[in-house]
Amino acid sequence: MFARSRLLQLTEAMKGRLIVVYGDVVADRFIYGTPKRISREAPVLILRQYRDDTLLGGAGNAINNIVSLGGLPIPVSVLGRDAAGKQLLEKMTAQGIDCGGILRADRYQTPTKVRILGGMPHASRQQIVRYDIEESFEMTADEAEAFSHVLREQMAMCHAALISDYGYGVVKATLANNLTRYAHGKPVTLDSRYDLLSYPGVTAATPNEEEAAAAAGTSLFNGEMWDGLSSPSGRVGEPAPHNGEGRLAQVAQTLQDGLDCEAVLITRGSRGMALFDRGADNPVFIPVYGTDQVADVTGAGDTVIATFTLALAAGASYAEAAKLANYGGGIVVMKMGTATVSNDELRHAIERDEELKD
C-alpha cells in the first residue's frame with residue numbers, strides 16, 4: 001500500500017514547510033533525584049536532586065517536533081512573564097523560531113507540569129509523582145482582535161496550520177475560525193484534549209481513543225479492554241473483526257459529521273492507528289511501529305500531529321501522512337521525557353521497514 005520512495009520523497013519535502021501553530025504552550029519540567037533514604041516523617045522516599053530540566057510541552061512540543069523534522073513553525077500563543085515562560089521563549093528563539101505571535105501576559109502563569117523521577121543517573125528512572133501548576137487565560141476583547149489578525153496573516157503565509165488545545169484558555173473556537181475560514185484549501189489539523197467538537201471546519205483531527213470516544217459521548221472501554229477497531233494480524237488494510245468494528249467506526253463518523261472534516265486519525269497506543277478518510281472506501285489500520293514495550297508516552301500525541309501536519313503540507317495523502325506520523329510516534333515513545341523525532345530518524349525508519357514496497 002505504501003511505497004518507500006514516495007515516503008522518502010515526502011520526508012524530504014517536509015523540510016522548509018511553514019506551519020502556524022495555534023495552541024497552549026506548556027512547560028514540561030522534569031526533576032531527577034537519586035534515592036537517599038526513607039523519611040522519618042512519613043513513609044516516603046527522599047531523593048537527592050541532581051538535575052532539573054524545563055522543556056517545551058503541549059503546543060510547544062509540537063513546535064519542537066516541527067523544527068526537528070525540518071519544518072518552520074510559527075507559534076501563536078500566550079506565555080506568562082514568569083521564569084517558566086522566560087525559559088520557553090528562550091528555547092524557541094535559540095532555535096531561530098519567530099516568536100512575534102506570542103503574547104507575554106503579566107496576569108498569566110505559564111502552565112507547568114512537574115514530574116519527579118527517581119533512580120540512579122545512569123540507570124532507568126521511574127516517575128514517582130507529578131503535579132501541575134495551571135490556570136486558565138482570560139482573553140480580553142483587544143487581545144482577541146489582535147490574535148484574529150495574527151492568525152489570518154499567518155494562515156495566508158503558511159502551508160498549513162495546527163491547533164493544539166490543552167484547555168488553558170489560549171485556544172478559542174472563534175479565533176481558530178480565522179484559520180479554517182482563510183485556509184483556502186490548506187490543511188488545518190486539530191488536537192483538542194477536552195473540546196474536540198468545538199472546531200468545525202478543520203481538515204483533520206488526531207484524537208486518541210479516549211478523547212475520540214468522550215467527544216462522541218460514549219466509551220470504547222468494556223471494563224477489561226478497549227473495544228476498538230483492530231486487525232487480527234496487525235497488517236495494514238486487513239478487515240477488522242466484527243465485534244469491535246462498529247463502535248470505533250461510529251465514533252469516527254460522529255467526529256467527522258460534527259467537525260465536517262475530511263479525516264480522523266485515531267491513535268490507539270500499542271495497537272497503532274486507525275485512519276477514517278472520507279475519500280476512502282475503508283478505514284486504514286496501521287500497526288504500531290517498533291515495539292509495544294514503550295519507554296515514555298509523554299508528548300507522543302504532539303509528535304503525531306506535528307508529523308501528520310507537515311506531511312499534509314508536503315503534499316501527502318491522509319494515509320501517507322498517517323503512516324509517517326505512526327513512524328514518528330513509534331520513535332518518540334522509545335525515548336524518555338518530552339522527546340522529538342528528527343527528519344533523519346524518520347528517513348531511517350522508512351529505509352529499514354521491510355513491509356514497504358520499493
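Student: Which residues does E211 contact once its close sequence neighbours are set aside, and what counts as a contact here?

Tutor: Setting aside residues within four places in sequence, E211 is in contact with D191, S192 and R193, where contact means heavy atoms within 4.5 Å. E211 itself lies in helix α6, residues 209-215, and helices here are DSSP runs of H or I with at least four residues, strands being runs of E with at least two, numbered from the N terminus. This is a predicted model, in which local features need pLDDT of at least 70 and side-chain atom pairs count only at pLDDT 80 or more, while totals for chains, interfaces and linings use all residues. Residues are numbered from 1 along each chain as its sequence is written, and side-chain values use heavy atoms, with hydrogens and water left out.

Student: Why is E211 called buried?

Tutor: Buried means under 20% relative accessible area, exposed means over 50% and partly exposed lies in between, with a 1.4 Å probe and protein chains only. E211 has a relative accessible area of 13% and is therefore buried.

Student: What makes A215 buried, partly exposed or exposed?

Tutor: A215, whose place is also in helix α6, has 24% relative accessibility and so counts as partly exposed. Leaving aside neighbours within four places in sequence, A215 is in contact with L196, L197 and L255.

Student: How do you know whether R125, a loop residue, is buried or exposed?

Tutor: R125 is found in the loop between β6 (112-118) and β7 (126-133), and its relative accessibility is 18%, so R125 counts as buried. Beyond four places in sequence, R125 is in contact with Y32, Y50, R51, L117, G118, G119, M120 and M336. Of these, Y32 is 93 residues away along the chain from R125, with 8.1 Å between the two C-alpha atoms.

Student: What makes the phi values of H184 and D260 worth a remark?

Tutor: Most residues other than glycine have a negative phi. H184, however, has a positive phi near 50°, and D260 has a positive phi of about 50° although it is not a glycine. H184 is found in the loop between α5 and β9 (188-192), and its 69% relative accessibility is why H184 counts as exposed. D260 lies in the loop between α7 (242-259) and β11 (263-267), and its relative accessible area of 52% is why D260 is exposed.

Student: How are helices α4 and α5 oriented to each other, and how do you know?

Tutor: Helix α4 (residues 141-157) and helix α5 (residues 173-181) pack at an angle of about 20°, with their axes 8 Å apart. Angles under 35 degrees count as roughly parallel, over 145 as roughly antiparallel, 65 to 115 as roughly perpendicular and the rest as oblique, so α4 is roughly parallel to α5. The axes are lines fitted to C-alpha atoms, for helices over the stretch in contact, and the angles run from 0 to 180 degrees between N-to-C directions. In this packing A144, F147, S148, L151, R152 and M155 of α4 meet L175, N178 and L179 of α5. The buried residues of α5 are L175, A176, N178, L179 and T180, and what covers them includes β1 (18-23), α4, β8 (160-165) and β9.

Student: Why is the relation of α9 to α10 given another description?

Tutor: The axes of helix α9 (residues 318-332) and helix α10 (residues 343-352) come within 10 Å and cross at roughly 110°, which makes α9 roughly perpendicular to α10. L324, Y327, G328 and I331 of α9 meet E345, L346, A349 and I350 of α10.

Student: What makes a set of residues a nonpolar core, and how many residues has the largest?

Tutor: A nonpolar core is a set of buried Ala, Val, Leu, Ile, Met, Phe, Trp, Tyr and Cys residues joined through side-chain atoms within 4.5 Å. The largest has 60 residues, and those with the most contacts inside it are L7, I19, M92, L275, F308, L324 and Y327. Apart from it lies another core of 44 residues, among them V26, A176, L179 and V202.
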